[in-house]
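User: I would like to learn how to read ligand shells and helix packing in a model. Please take me through one.

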Amino acid sequence: MTTLEKCFAPAKLNGLELKNRLIKAGTFEGKTPGGIPGESMKAFHLALAHGGVGMTTLGYCATEADGRINENMMYMDEYVRAPLADLIASLHQAGTKVSGQMGHSGGFSKNKELQRRRPRGPQFGINMLGVANGMLFCDGMSEAHIKEMVQSYHDAAIFMKSVGFDCLEIHFGHGYGLCQFMSPKTNKRKDRYGGSLENRMRLPLEVLAAVRKAVGDDFPVIGKISLTEGVRGGLDYDDAVNISRLLDKGGIDGIVTSGGTSTMNPMIMFRGDNILQPMLKAEKNPVMKLILRAVGPSMFRNYPYQELYFLEQAKRVRDAVQCNMVYVGGASTNASFGQLMAEGFDFIQLGRSLLSDPDLPNKAAADAGYKSRCLHCNECVATIEHPAGIHCTRF
Ligand SMILES: Cc1cc2nc3c(=O)[nH]c(=O)nc-3n(C[C@H](O)[C@H](O)[C@H](O)COP(=O)(O)O)c2cc1C
Ligand code: SF4
């Protein structure tokens with residue numbers, strides 16, 4: 001079997017058989033108005049299923065109501081059981097497996113329906129996302145709050161398994177709640193949840209253990225990390241290797257190696273054209289527009305597109321762990337898919353190339369020279385709050 005044939009042949013992830021090794025990366029769809037997945041969410045994932053992807057991922061499923069960045073995200077609770085079960089059943093019928101990305105925004109949120117007084121992070125501070133909505137601060141978490149957060153992952157995992165998800169992906173990266181604890185830049189705690197890497201990893205590892213306990217040993221649980229936060233004093237490539245070792249030892253089934261943080265340096269995550277101008281164009285809130293103008297140039301740095309832009313650092317993680325490795329970041333040609341298989345990666349996540357063409361897996365399986373048509377213009381990133389949700393603006 002050639003490396004490319006390997007990519008398009010069935011493969012197992014902790015007992016779960018995928019018809020190929022291509023997985024749709026979690027890209028928050030923006031198609032859950034009022035927190036409920038409707039017809040456009042179904043149409044979006046069905047198109048991916050019909051296009052032949054082995055597993056699709058529902059992006060950012062918040063583990064509790066206050067883990068949402070905004071009120072139009074869904075959270076994993078009984079209120080959403082019927083539409084979610086229906087969506088997942090339709091995707092199964094269309095022949096794809098379904099993963100759910102478990103997210104919690106920790107100390108940043110612009111959720112107008114926040115149930116608590118403030119969002120909660122490692123310690124009291126500025127709520128980076130809420131400033132424009134008058135939600136200036138976040139509270140620091142006590143140990144009791146930390147227990148509540150772990151419980152929210154546990155309960156969400158039980159719910160997600162019962163509603164039909166085939167796999168769970170815990171979000172440990174991109175500056176979200178767990179990453180805020182992992183990063184020395186954002187975690188200044190003096191107790192056993194702050195300080196050394198071992199202490200900063202305590203909450204993420206407790207979450208992993210709680211999710212594992214909820215779903216059992218034979219259910220796939222993967223985790224997405226940031227290889228680097230790309231900010232001074234933040235997590236960097238060496239940390240990513242140590243973090244991955246700890247997650248591997250903690251019983252994770254696969255590690256997805258992404259990068260960057262949503263609030264400090266997002267462009268590392270999706271290299272290509274700078275998103276500042278499209279974001280400014282899409283932003284409706286005048287205060288947010290002003291903030292974007294002020295901080296945008298330092299926040300949205302230029303990282304030109306490069307094929308397989310995380311490959312070298314992801315390989316370091318590959319060499320350090322026993323679990324499955326899931327590559328993400330600029331994989332857009334059959335040549336890359338074959339190379340990733342040859343380098344020892346087990347699965348490949350695709351974001352923008354599948355947004356630009358949901359039929360990619362079927363087309364690539366039929367054409368050895370396949371190249372995605374995605375231009376890496378990143379205009380889709382600015383559609384996250386579009387009333388129709390995310391979409392490719394070019395094709
Ligand atoms: C529109 C859009 C939304 C995204 N939303 C999420 C998200 O909710 N969670 C996440 O982990 N990554 C998110 N990402 C990042 C992707 O999962 C992926 O890591 C990134 O696009 C790089 O992969 P690619 O080069 O295949 O696009 C998003 C990316 C895009 C383009
Ligand atoms: S808008 Fe379309 S072409 Fe541009 S990066 Fe997104 S998916 Fe690719």
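User: Which strand and which helix each supply at least two residues of the shell around ligand 1?

Analyst: Keep in mind that this is a predicted model. Strand 4 (55–62) and helix 13 (352–356) each contribute at least two residues to the shell around ligand 1.

User: How many residues surround ligand 1, and which are the closest?

Analyst: The shell of ligand 1 holds 25 residues, with Ala25, Thr27, Phe28, Gly351 and Arg352 the closest. Sorted by class, the shell around ligand 1 has 12 nonpolar, 11 polar and two charged residues.

User: Which residues come nearest to ligand 2?

Analyst: Ligand 2 has 13 residues around it, and the nearest are Ser356, Cys374, Cys377, Cys380 and Cys392. The class count for the shell around ligand 2 is six nonpolar, four polar and three charged.

User: Now the helices. At what angle do the axes of helix 8 and helix 11 cross?

Analyst: The axes of helix 8 (residues 237–249) and helix 11 (residues 311–320) cross at roughly 30° and come within 9 Å. Angles under 35 degrees count as roughly parallel. Helix 8 and helix 11 are therefore roughly parallel to each other. Their crossing is right-handed.

User: Which residues of helix 8 and helix 11 meet?

Analyst: From helix 8 come Tyr237, Ala240, Val241, Ser244 and Arg245, and they meet Gln313, Arg316, Val317 and Ala320 of helix 11. By class, this contact of helix 8 with helix 11 comprises five nonpolar, two polar and two charged residues.

Terms used: Residues are numbered from 1 along each chain as its sequence is written. Chains are lettered from A and ligands numbered from 1 in the order in which they are written. This is a predicted model: local features need pLDDT of at least 70, side-chain atom pairs count only at pLDDT 80 or more; totals for chains, interfaces and linings use all residues. Axes are lines fitted to C-alpha atoms, for helices over the stretch in contact, and angles run from 0 to 180 degrees between N-to-C directions. Helices (H or I, at least four residues) and strands (E, at least two) are DSSP runs, numbered from the N terminus. Angles under 35 degrees count as roughly parallel, over 145 as roughly antiparallel, 65 to 115 as roughly perpendicular and the rest as oblique. A crossing is left-handed if the near helix is turned anticlockwise from the far one by less than a right angle, and right-handed if clockwise. Two residues are in contact if their C-beta atoms, placed from the backbone, lie within 7 Å. Ala, Val, Leu, Ile, Met, Phe, Trp, Tyr, Cys and Pro count as nonpolar, Asp, Glu, Lys and Arg as charged, and the others, Gly among them, as polar. A residue is near a molecule or strand if its C-beta atom, placed from the backbone, lies within 6 Å of it.
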